[in-house]
Amino acid sequence: MIGATGQTGRVAVRALAEDGWEVRAASRGGGRDEHWPEDVRTVRLDREDDAALAAVIGDGCDVVVDMAAFGRTHARQLTALAGRIGSAVVISSGAVYEDDQGRGFDTQNEPGGGPRYPVPIPETQRTVAPGEATYSTRKVLLERELLAAGEALPVTLLRAGAIHGPYCRTPRELYFVKRLLDGRRRRVLAYGGRSRFHPVHVANLAELIRLAAARPGSRVLNAGDPQAPTVAEIGAAIDEVLDRETETVLIEGAPEDGVGDTPWTLEHPVVYGMAAAERDLGYRPVTGYAESLPGTVAWLTEKLRGRDWTEAFPKMVRNYGRDTLFDYAAEDAWLARHDRTTGEG
């Protein structure tokens, strides 16, 4: 397991070990999770060091699970070791898809650039062109390089949705949890609160990894939860976990000067079809979005205890900026204008 101490790796190591696999858990720090069985072997690994990776593989292994693979270089690291690897399970992303007009995640901030995917998106949907320019294009490059290995290295590529659960470095749920902990009682959601960005809990992703490891093959599969809730439903579910009541104010169109934007906000739904995983692997989800929330919310609450969110989640700051997610002054100014216009408040 490469990337064993990451958000999904922690859960996947445990799932594989409990399924009877002898697991070597590789990570940059060589640490271990307290919930792993004692016989899980930990090892330090600098993923960028070809020789180090070859040494970890040693004389060979039945399967490599790669949580960190990204782009051509990592793909070629694995294919170079094909004779010593029985099969691989590699995490890709649902961000690889584009619609029939060539719109995708890379164009969504352009005027008219929001993709309009089929609902749900099948694995046969076209993808962006491979390349080194963006996250999406590099994931496609990874996929193409690995699939080209054919029978020499059977690989299951899991196109993950919006991964959620404890230990996430960029937890989308922070958007709602922090607001409630800060005492906010009104929130603004764009696009009528209907945005859907299909999540996948780490336990469901770990289950897909477990099943794929036991059934080697060359294939691409979506990875999503059994439900793809709207952003309004997510907010309400988090309210329930924290036992709070929040008034939701809706903008029917796009966010206005950033107000109404969230980490899930999209003009058109992104929902991944799971029929292929059910058919090819016998996949059945182990949890749903709402059912999994208490654990995530408890972890977030503890991470925020006595700390500024920018200290607790520095990668969140790098991805979204320091001032965009929690610009309460801008929200309050927008709500004041809204109340004067509608007579509410």
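1. In this predicted model, D257 is placed in the loop that connects strand 10 to helix 8 (275–281). The phi of D257 is positive, near 55°, although the residue is not glycine. Most residues other than glycine have a negative phi, and most peptide bonds are trans. D257 has a relative accessibility of 78%, and it counts as exposed because that value is over the 50% cut-off.

2. With a relative accessible area of 69%, D243 is exposed.

3. The peptide bond between V119 and P120 is cis, with omega about 0°. P120 belongs to the loop between strand 4 and helix 4. T127 is also placed in the loop between strand 4 (85–93) and helix 4 (135–147).

4. Is T127 buried or exposed? Its relative accessibility is 16%, so T127 counts as buried, the cut-off being under 20%. Leaving aside residues up to four places away in sequence, T127 touches V96, Y97, E98, V140, R144 and R159. T127 and T156 are separated by 29 residues in sequence, and their C-alpha atoms are 17 Å apart in space.

5. Strand 3 (residues 61–66) has 5 of its 6 residues buried, so this strand is largely enclosed by the rest of the structure. Strand 3 pairs with strand 4 in the parallel sense, over 5 bridges. Within this pairing, V64 has A88 of strand 4 as its bridge partner. Together with helix 3 (residues 71–80), strand 3 and strand 4 form a β-α-β unit that is right-handed.

6. Strand 3 also contributes to a pocket. The second largest pocket has a volume of about 330 Å³. It is lined by 16 residues, of which M1, E22, R24, C61 and V63 are the closest to its centre. At least two lining residues come from each of strand 1 (24–27), helix 2 (50–57) and strand 3. Strand 3 gives the largest share of this lining, with 5 residues. By class, the lining of the second largest pocket comprises 13 nonpolar and 3 charged residues, and no polar ones.

7. How much of helix 5 is buried? Of the 8 residues of helix 5 (residues 174–181), 7 are buried, so the helix is largely enclosed by the rest of the structure. The buried residues are L174, Y175, F176, V177, K178, R179 and L180. K178 and R179 are charged residues and are listed among the buried ones. The elements that cover the buried residues of helix 5 include strand 7 (186–189), helix 7 (231–242), helix 9 (289–304), helix 10 (309–312), helix 11 (314–320) and helix 12 (328–342). After helix 5 comes G183, which has a positive phi near 85°.

8. Strand 7, one of the elements covering helix 5, is itself covered on both faces. R186 and V188 on one side are buried, as are R187 and L189 on the other. In a regular strand the side chains alternate between the two faces of the sheet. Strand 7 and strand 10 run parallel and are joined by 4 bridges. L189 has L250 of strand 10 as its bridge partner.

9. The largest share, 3 residues, comes from helix 5. Which classes of residue make up the lining of the largest cavity? The lining divides into 5 charged, 2 nonpolar and 1 polar residues.

Key
Residues are numbered from 1 along each chain as its sequence is written. This is a predicted model: local features need pLDDT of at least 70, side-chain atom pairs count only at pLDDT 80 or more; totals for chains, interfaces and linings use all residues. Side-chain values use heavy atoms; hydrogens and water are left out. Buried means under 20% relative accessible area, exposed over 50%, partly exposed in between (1.4 Å probe, protein chains only). Contact means heavy atoms within 4.5 Å. Two strands pair if DSSP finds at least two bridges between them. A crossover is right-handed if, with the strands pointing away from the viewer, the path from the first strand over the helix to the second runs clockwise. On a 1 Å grid over the protein atoms alone, a cavity is a set of points where a 1.4 Å probe fits but cannot get out, and a pocket is an open set with protein on both sides within 12 Å along at least five of seven lines; lining residues have an atom within 4 Å of a point. Grid points are joined across faces, edges and corners, and a volume is the space filled by probe spheres set on the points.
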